[in-house]
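This briefing concerns a single structure, shown directly below. Please keep the sequence and the coordinates at hand while reading.

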Amino acid sequence: MRKVPEGISHKCEIWVYPERRRALPTANHDHLEKWALPHPVFERPLPASAIDLLWRDELQQLCSSLRVSATRQSVMTDMIAALRWHCTGKELTRGICRLLRARQCKEADPEIIERSAA
C-alpha cells in the first residue's frame, strides 16, 4: 500500500495503479497520466460493401486462406455470408486488401504480392 499522491486529500492508504514510472518527472508515480494509445486509423475495418469488390475466384481464395468452408460450386452470396459469420473484421480487412493488391490489371500498377516470413 502507498500513500495517496500529494495534492489529493484523503486520510487512509490506498493502492495506486499504476505504480510503474513512465519517464515522467515525478518521483513516485505519474499522476494518472493518460496512456499513449495507438492511432485508430489503421485499426478501422473496411466498409461492409468492400467484400463485393472481390471476384468469385478471389472469394474462393479468401475462404481457403481463412479456412472457411466453401467448395468450387459455392456461389458468391454463400461465400460472403460464411466469411462474415466466421471471420473477424480484422481478418476480412487484411484478406480483402491482400487480394485487391494482388489483382492483375493492365491499366494499373503491377500487383503487390506479399511473401510470408520464413
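The following points cover the overall fold, the nonpolar core, and several individual residues.

The model is predicted. Its protein chain holds three helices and zero strands, and the elements follow one another as α-α-α from the N terminus. Of the 118 residues in the chain, 24% count as buried.

**Overall fold and surface**

- The protein chain exposes about 10100 Å², and carbon and sulfur atoms supply 56% of that area.
- Among the contacts in the protein chain with a separation of 6 or more, 37% are between residues 24 or more positions apart.
- A search of the whole structure for aromatic pairs finds zero.

**Nonpolar core**

- The largest nonpolar core has 14 residues, of which Ile51, Leu54, Leu59, Leu62, Val68, Leu83 and Leu92 touch the most other members.
- Helix H1 (56-65), helix H2 (76-86) and H3 each supply at least two residues of this core.
- H2 provides the largest share of the core, namely four residues.
- Valine 68 is in contact with Cys63, Ala82, Leu83, His86 and Cys87, leaving aside its neighbours within four places in sequence.

**Helix H1 and serine 65**

- The buried residues of H1 are Glu58, Leu59, Gln60, Leu62 and Cys63.
- H2 and H3 are included in what covers the buried residues of H1.
- Serine 65 also belongs to helix H1, but this residue is partly exposed, because its relative accessible area of 39% falls between the limits of 20% and 50%.
- A polar atom of the serine 65 side chain lies 3.0 Å from the backbone oxygen of leucine 62.
- Serine 65 and glycine 95 are 30 residues apart along the chain, while their C-alpha atoms are separated by 8.2 Å.

- Arginine 67 is placed in the loop between H1 and H2.
- Although arginine 67 is not a glycine, its phi is positive, at about 60°.
- With a relative accessibility of 79%, arginine 67 counts as exposed, because the value is over 50%.

**Threonine 93 in helix H3**

- Threonine 93 is located in helix H3, which comprises residues 89-102.
- The relative accessible area of threonine 93 is 16%, so this residue is buried, the limit being under 20%.
- Not counting residues up to four places away in sequence, threonine 93 touches Arg44, Pro45 and Leu46.
- With leucine 46 there is also a polar approach: the backbone nitrogen of leucine 46 lies 3.2 Å from a polar atom of the threonine 93 side chain.

**Arginine 103 after helix H3**

- Arginine 103 is found in the segment that follows H3.
- Leaving aside neighbours within four places in sequence, the contacts of arginine 103 are Leu53, Leu54, Trp55, Glu58 and Glu111.
- The side chains of arginine 103 and glutamate 58 are joined by a polar contact of 2.6 Å; glutamate 58 is one of the buried residues of H1.
- The charged end of arginine 103 sits over the ring of tryptophan 55, at 3.8 Å from the centre of that ring.
- Leu54, a further contact of arginine 103, is among the residues that touch the most other members of the largest nonpolar core.

Notes. Residues are numbered from 1 along each chain as its sequence is written. This is a predicted model: local features need pLDDT of at least 70, side-chain atom pairs count only at pLDDT 80 or more; totals for chains, interfaces and linings use all residues. Side-chain values use heavy atoms; hydrogens and water are left out. Buried means under 20% relative accessible area, exposed over 50%, partly exposed in between (1.4 Å probe, protein chains only). A polar contact is a pair of N or O atoms within 3.5 Å; within protein, one must be able to donate a hydrogen and the other to accept it, and residues adjacent in sequence count only if both atoms are side-chain atoms. Contact means heavy atoms within 4.5 Å. A nonpolar core is a set of buried Ala, Val, Leu, Ile, Met, Phe, Trp, Tyr and Cys residues joined through side-chain atoms within 4.5 Å. Accessible areas come from the Shrake-Rupley method with a 1.4 Å probe; for residues, only the protein chains shown count as cover. Rings of Phe, Tyr and Trp (its six-membered ring) pair if their centres lie within 6.5 Å; planes under 30 degrees apart count as stacked, over 60 as edge-to-face and the rest as tilted. A charge sits over a ring if NZ of Lys or CZ of Arg is within 6 Å of the ring centre and within 35 degrees of the ring normal.
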